[in-house]
Amino acid sequence: MALLYRNTDKYWQQIGELHPFWGVLTAPEFRNEALTPQNIVSFYASGVEHVNWLAEIVERHFGQPLKAMKALDFGCGVGRLTHAMTTLAESVTGLDISPGMLAKARERTAAKVHFLSALTDEQFDWLHSFIVFQHIPPARGMVILEDLLRRLTPGGLVTLHFTT
């Protein structure tokens, strides 16, 4: 199956079917043929490390711990960060366009987490996205970013990663 680089939604849907973990972290141990229980544990542990790192930065710069009622992980993939975000939020929504990745994400159930392929009218007090916008054409990314920011509650927190 040829990957479709021009249509980023189709590309990520294909990656999600072929190599959902590798599509999130492109290391050889996360390709399907190399996935072991230990590699999966390592994969999700890296999400906990990332979220702890974010919490440290927020506390250092704002003088208060990162705590949220409702968080959104935009481009959640298989839920590496979504599940880790539950330590800092009452509920976390993971959003992704890849059915294959969402299927893997849903295998790790948690009461505080739900995964969607499209957003409802929900508001969030923490918006997060990491290593996602770099894969979206800039004009489309700006439209998405504006939509996400409209969903931020007053006084909410945004932690976004953009490659420049």
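This is a predicted model: local features need pLDDT of at least 70, side-chain atom pairs count only at pLDDT 80 or more; totals for chains, interfaces and linings use all residues.
## Nonpolar core

The largest nonpolar core contains 14 residues. Within this core, the residues with the most contacts are Val51, Leu66, Ala71, Met85, Leu88 and Trp126. At least two core residues come from each of helix 2 (37-62), strand 1 (68-74), helix 3 (80-85) and strand 2 (89-95). Helix 2 gives the largest share, four residues.

Met85 is one of the residues with the most contacts inside the core. Leaving aside residues up to four places away in sequence, Met85 touches Val51, Ala71, Leu72, Asp73, Val92, Trp126 and His128. Among these neighbours, Val51, Ala71 and Trp126 are also on the list of core residues with the most contacts.

## Helix 5

Helix 5 is made up of 13 residues. From its first C-alpha to its last, helix 5 reaches 18 Å, which is close to the 18 Å expected at 1.5 Å a residue.

The buried residues in helix 5 include Gly141, Ile144, Leu145 and Leu148. These four lie on the same side of helix 5 because they cover an arc of only 105 degrees around the axis. An α-helix has 3.6 residues a turn, so residues three or four places apart point the same way. Strand 1, strand 4 and strand 5 are among the elements that cover the buried residues of helix 5. On the other side of the helix, Ala139, Val143 and Arg150 are exposed.

## Thr159 in strand 5

Thr159 belongs to strand 5 (residues 152-160). The relative accessibility of Thr159 is 10%, so Thr159 counts as buried, the cut-off for buried being under 20%.

The side chain of Thr159 makes a polar contact of 2.9 Å with the side chain of Trp126. Trp126 is also one of the core residues with the most contacts, and Met85 touches Trp126 as well. Not counting residues up to four places away in sequence, Thr159 touches Leu54, Trp126, Leu127, His128 and Ser129. His128 is likewise among the residues that Met85 touches.

Ile131 sits in the loop between strand 4 (124-129) and helix 5 (138-150). Its phi is near 50 degrees, a positive value in a residue other than glycine.

Is Ile131 buried, partly exposed or exposed? Ile131 has 25% relative accessibility and therefore counts as partly exposed, a class that falls between the limits of under 20% for buried and over 50% for exposed.

Notes:
Residues are numbered from 1 along each chain as its sequence is written. Side-chain values use heavy atoms; hydrogens and water are left out. Buried means under 20% relative accessible area, exposed over 50%, partly exposed in between (1.4 Å probe, protein chains only). A polar contact is a pair of N or O atoms within 3.5 Å; within protein, one must be able to donate a hydrogen and the other to accept it, and residues adjacent in sequence count only if both atoms are side-chain atoms. Contact means heavy atoms within 4.5 Å. A nonpolar core is a set of buried Ala, Val, Leu, Ile, Met, Phe, Trp, Tyr and Cys residues joined through side-chain atoms within 4.5 Å. The expected span of a helix is 1.5 Å times one less than its number of residues. The arc is that of the directions from the helix axis to the C-beta atoms.
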